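Hello,

Here is the structure I promised to pass on to you. Please open it beside this email and follow along as you read.

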Amino acid sequence: MSEQDLLKFNPEDGKEDIQKTDKELMDEIIFLLENSSAEELDTAAIQAKLSVLDERDPAAEKFDPEKGWEAFITAHPFEAKAEAKTDSAEAQPVRRKKCIVTVLRVFEVAVVLAAALVLFSSASGQSPVQTFTKWTADLFSVAANPGGELELPEDSDSEYLSLREALDENGAQDALCPTWIPEGFALDEVEVKNNSLYKLFIATYSENGVEITVSISSQSQEWIANMLETTEDTYIEQPVNGDTYYVLANVEYAMAFCTKNGYAYNIRCESSKEDLFLIIDSLYR
Amino acid sequence: MKRHIIAVFVVIAILAGCVSASCAYIPETEINPQASLYLAAYSVTLQPLGDGEMYISMTVEGTTLMTKIGVVEMYIEERTPTGTWHEFDTLYGLDNPEFYQYNTRGYLGEYRFDGTVGNYYRVTLTVFAQNANGYDSGEIVSVIAPCR
């Protein structure tokens, strides 16, 4: 069929249309629609072709959108629900509700953080503001000071290259260990001693003959008696992270002593009391 | 909303538990106002092991590297059910080479003895530290421990 023939309606074409495939009919309808002006459009021809198509597939006219939608929801429940919410008139209230839930969650987190701050600070005998200020000050202080060498060189003959390694390899993984010493100081040696039930770890750091010693001993808290030598009979009980440190002085050094979870910590610092407190803080970092 | 409030209180309760757990028992610690150039700290543990066996663990820490450090004397006392204390045993470092260690910063030793079940014991140690500059000694008394 030529293009001219297509543009001109012929009632006999109805018979020919019956013999055509759906695709051929659709192509002709599209051709007529695209190549005819409004005045020339042969609506009768298009109607005839559509009638042929409709006779072949009447379901299209009988399609019930509501039934189809229900079938779609049954097949894809979650996607369908999401679509429904987006398209529905209730979309705006849902967004508002989500916003309120987000605000509540932020509030919950703030309450938990505030409660934690109050609990931990009261345990250490300070106000929450003091604790927060001290925490940030210490954080920046330690971050600003890179610290000394906590480990021996790899080619060292020593059995252990660090106090942490000695603790880990002798079943004291749960013991605290300094993560900072003053800049310029370096680890000299780590001594480890064992008897049947207990262990003693002694790490010595030095700079130009000035020493810092950290000793950690496992202890039975029920049966132990400790003695500390000091220049004076006074000492400070310093709470740090809920633990009590006895801070005192012997002839040439400041010393801090604490027991926690079956270990006794004895830190002796010949450099300064400030360094001693920073080393204690580093135990908890 | 109710679920969120419960979650907040659960977290607070857990944190409170952590805080109380960290405020643990602080064992007996004495401060000896006798400054020492040689001794920094020392300790003694006396504990029952069961079947009448008693165990003593002792540590001595020097202020720096020591040529000799340890226990000069170990004095063990026993308290009978009548409440009286008497000497049970005395040991000396001279007779027990394991009571000393050399060229080290600290000493860790131990000793075991058989007691009488039902009686109580205590130990007094005389500790010692020495280097090229001199020496010093100190004394510490253990807790009183029952023999089981």
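Below is a short tour of what turned up, starting with chain B and ending with a patch of charge.

Please keep in mind that this is a predicted model.

**Chain B as a whole**

Chain B has 1 helix and 8 strands. If you read along its sequence, the pattern is α-β-β-β-β-β-β-β-β. The chain has 148 residues, and 49% of them count as buried. Among its contacts with a separation of 6 or more, 65% are between residues 24 or more positions apart. Its accessible surface comes to about 7100 Å², with 55% of that belonging to carbon and sulfur atoms.

**Salt bridges**

Side chains of opposite charge can pair when their charged atoms come close. Over all chains, the count comes to 11 salt bridges.

Is Arg105(B) buried or exposed? Arg105(B) is buried, because its relative accessible area is 7%. Glu189(A), at 28% relative accessibility, counts as partly exposed.

Arg105(B) also forms a salt bridge with Glu211(A), where the closest N and O atoms are 3.2 Å apart. This pair crosses between chains as well, with Glu211(A) in strand E3 (residues 210–218) of chain A and Arg105(B) in strand E5 of chain B. Both of these residues are buried.

Within chain A, Lys260(A) forms a salt bridge with Asp243(A), at 3.3 Å between the closest N and O atoms. They are 17 residues apart and link distant parts of the chain: Lys260(A) lies in strand E7 (residues 254–260) and Asp243(A) in strand E6 (residues 243–249). Lys260(A) and Asp243(A) are both buried.

**A helix and a patch in chain A**

Why is helix H11 (residues 273–282) of chain A described as largely enclosed by the rest of the structure? Because 7 of its 10 residues are buried. Among them are Leu276(A), Leu278(A), Ile279(A) and Ile280(A).

Finally, look at the surface for a patch of negative charge, where Glu149(A), Glu151(A), Glu154(A), Asp155(A) and Asp157(A) gather. Asp157(A) sits in the loop between helix H9 (128–144) and helix H10 (163–169) of chain A. Asp157(A) counts as exposed because its relative accessibility is 80%.

Happy exploring!

Key. Residues are numbered from 1 along each chain as its sequence is written. Chains are lettered from A and ligands numbered from 1 in the order in which they are written. This is a predicted model: local features need pLDDT of at least 70, side-chain atom pairs count only at pLDDT 80 or more; totals for chains, interfaces and linings use all residues. Side-chain values use heavy atoms; hydrogens and water are left out. Patches are made of residues with over 30% relative accessible area and no salt bridge: like charges are joined within 9 Å, nonpolar side chains (Val, Leu, Ile, Met, Phe, Trp, Tyr) within 5 Å. Accessible areas come from the Shrake-Rupley method with a 1.4 Å probe; for residues, only the protein chains shown count as cover. A salt bridge is a side-chain nitrogen of Lys or Arg within 4 Å of a carboxyl oxygen of Asp or Glu. Lys and Arg count as positive and Asp and Glu as negative; His and the chain ends are not counted. The place of a charge is taken as NZ of Lys, CZ of Arg, CG of Asp or CD of Glu. Helices (H or I, at least four residues) and strands (E, at least two) are DSSP runs, numbered from the N terminus. Buried means under 20% relative accessible area, exposed over 50%, partly exposed in between (1.4 Å probe, protein chains only). Contact means heavy atoms within 4.5 Å.
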